[in-house]
Amino acid sequence: MSSLCVLGLGYIGLPTASIFATKGRRVLGVDVSASVVETINSGRIHIQEPDLDVLVRAAVQSGNLKASTKPAAADIFILAVPTPFVASADGARVPNLSFVEAAARSIAPFVATGNLIILESTSPVGTTEKVKGWLEAALVKLGRKVDGLLFAHCPERILPGQMLKELVSNDRICGGLTPAAAEKARDLYATFCTAQIFLTDARTAELAKLTENAYRDVNIAFANELSLICDKLSIDVWELISLANRHPRVKILQPGPGVGGHCIAVDPWFIVDAAPAESRLLRTAREVNDSKPHHVVAQVRAAAGKDAVVACLGLAFKANVDDLRESPAVEIAAHLADAGLKVLAVEPHVTALPKALQGRAELVSLADALARATVVVLLVDHRAFAGLTLEQLKGKKLIDTRGMVRS
Ligand code: SAJ
């Protein structure tokens, strides 16, 4: 069985490397962080995801998964490094491909004829071609000539919170720079993917992944915009959406305090950046979703009188996960603290406040928050908050951004 070198041991690279290892492949996982490498080699994990600890432990104990800060020779290289963006002067966002470039160049000493190089990172259209260019340039620099390298883009689509299930059961797209590359990638993923695998070219695969997240972003923006309209017209947006959704061809998503995470709030910008004049709807959707936290802050400030104590229920970027990064809830709590309000944060999935709130908010239990707060702002629809009733919040002002509190 062909061996693998997986570059980037984060939310995508680590589960992917581990599942291949448990299927009997020899896998070298590479990460720039020595502490991540050490953690994984000891069979532990540095990120939170249900059952990932069990998978990684099994992969390491099998002897098939080893982590290192340096790549080595393998038959197949998978690049799963971050593709963040940087803000540009006009408020748009520009992709930062420096991690992909560094990963592509770093494998130049190790690639050999016939190797397959897969880009898994969510990437702007044309990045797989760039990976080929960067690797070839690095080979020239080393004075190496390697023929017959194959390149493909095989984007991940797994949902944080149910990654391990979706890794196996989601359909996949393999887009090759050549048909042979796409076929070889399909054969690789078929070793663990039980769903269908579709072949295409790399550019279509790149845009398909971006399209999936942009589609969700636009649909959430529609719901968020409805929530603004309803606030203005004093209509209950939750009732409105549930009634409209009774139409057989209407399926409106849920409004919230904004869109967080590392994907949906990022990926549409890669399309906007590539085709700004044509991406008016996508850009507006991003702006609508990014503006929602400010609307919530304004609502809370309007409700909070002097000496208000504000309980923020939930800090994670979405329900039932402990990931606080890129979370609109954290952004809102921080703005409330900036405004001089006393902020109590309730986040049952963490034991410490994120940096943005340290020294500016108190992490308390739900019971404590409900006992002390004069204003309650529900920010995340965690299971832990299900069953909260208006009765329990009597005498307090409530801003329920998720439509969760029942009468
Ligand atoms: N959200 C709402 N209302 C909704 C649904 C979501 O406000 O009705 C918010 C969430 O609270 C969260 C954000 O949107 O802040 C994103 O959450 P999510 O669960 O929609 O998506 P992610 O970011 O966890 O994962 C997405 C998924 N993409 C799609 O569903 C199209 C996942 O399949 C991708 O693999 C992942 O991005 C990724 O890595 O690209």
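This passage walks through a predicted protein model, from the whole chain down to single residues. Local features are reported only at pLDDT of at least 70 and side-chain atom pairs only at pLDDT 80 or more, while totals for chains, interfaces and linings use all residues. Numbering runs from 1 along each chain as its sequence is written, and side-chain values use heavy atoms, with hydrogens and water left out.

Let's start with the whole chain. The protein chain has 13 helices and 15 strands; these are DSSP runs numbered from the N terminus, with helices (H or I) of at least four residues and strands (E) of at least two. Its radius of gyration is 23 Å, close to the 22 Å that the globule rule gives for 407 residues, so the chain is as compact as a globular protein of that length. That radius is taken over C-alpha atoms, and the globule rule is 2.2 Å times the number of residues to the power 0.38. Along the principal axes, the C-alpha atoms fill a box of roughly 75 × 50 × 40 Å.

Of the 407 residues, 51% are buried (buried means under 20% relative accessible area, exposed over 50%, and partly exposed in between, with a 1.4 Å probe and protein chains only). The chain exposes about 18500 Å², and carbon and sulfur atoms supply 55% of that; the areas come from the Shrake-Rupley method with a 1.4 Å probe, and for residues only the protein chains shown count as cover. As for contacts (heavy atoms within 4.5 Å), 70% of those between residues at least 6 apart in sequence join residues at least 24 apart. The mean positions of the 44 positive and 42 negative charges are 1 Å apart. Here Lys and Arg count as positive and Asp and Glu as negative, with His and the chain ends not counted, and each charge is placed at NZ of Lys, CZ of Arg, CG of Asp or CD of Glu.

Now for the strands. Strands of a sheet pair through backbone hydrogen bonds, either parallel or antiparallel; pairing is called when DSSP finds at least two bridges between two strands. Strand 1 (residues 4–7) pairs with strand 2 (residues 27–30) in the parallel sense over 4 bridges, and Leu4 stands opposite Val27 in strand 2. In a regular strand the side chains alternate between the two faces of the sheet. In strand 1, Leu4 and Val6 point one way and Cys5 and Leu7 the other, and all are buried. Strand 8 (residues 150–153) gives another example: Leu150 and Ala152 point one way, Phe151 and His153 the other way, and all are buried. Strand 7 (residues 116–119) runs parallel to strand 8, joined to it by 4 bridges, and Leu116 has Leu150 as its bridge partner there.

Strand 11 (residues 309–313) pairs with strand 14 (residues 375–378) in the parallel sense over 4 bridges, and Cys312 stands opposite Val377 in strand 14.

Val310, found in strand 11, is buried, with a relative accessible area of 0%. Leaving aside neighbours within four places in sequence, Val310 is in contact with Val300, Leu336, Leu341, Lys342, Val343, Leu344, Val375 and Val377. The C-alpha atoms of Leu336 and Cys312 are separated by 9.6 Å, and the two residues lie 24 apart along the chain.

Ser234 lies in the loop between helix 8 (202–233) and helix 9 (237–244) and is exposed, with a relative accessible area of 69%. Its phi is near 55 degrees, a positive value in a residue other than glycine. Glu326, in the loop between strand 11 and helix 12 (328–338), likewise has a positive phi, near 50 degrees, and is exposed at 54% relative accessible area. Pro82 sits in the loop between strand 4 (76–79) and strand 5 (85–87). Apart from neighbours within four places in sequence, Pro82 is in contact with Phe99 and Val100.
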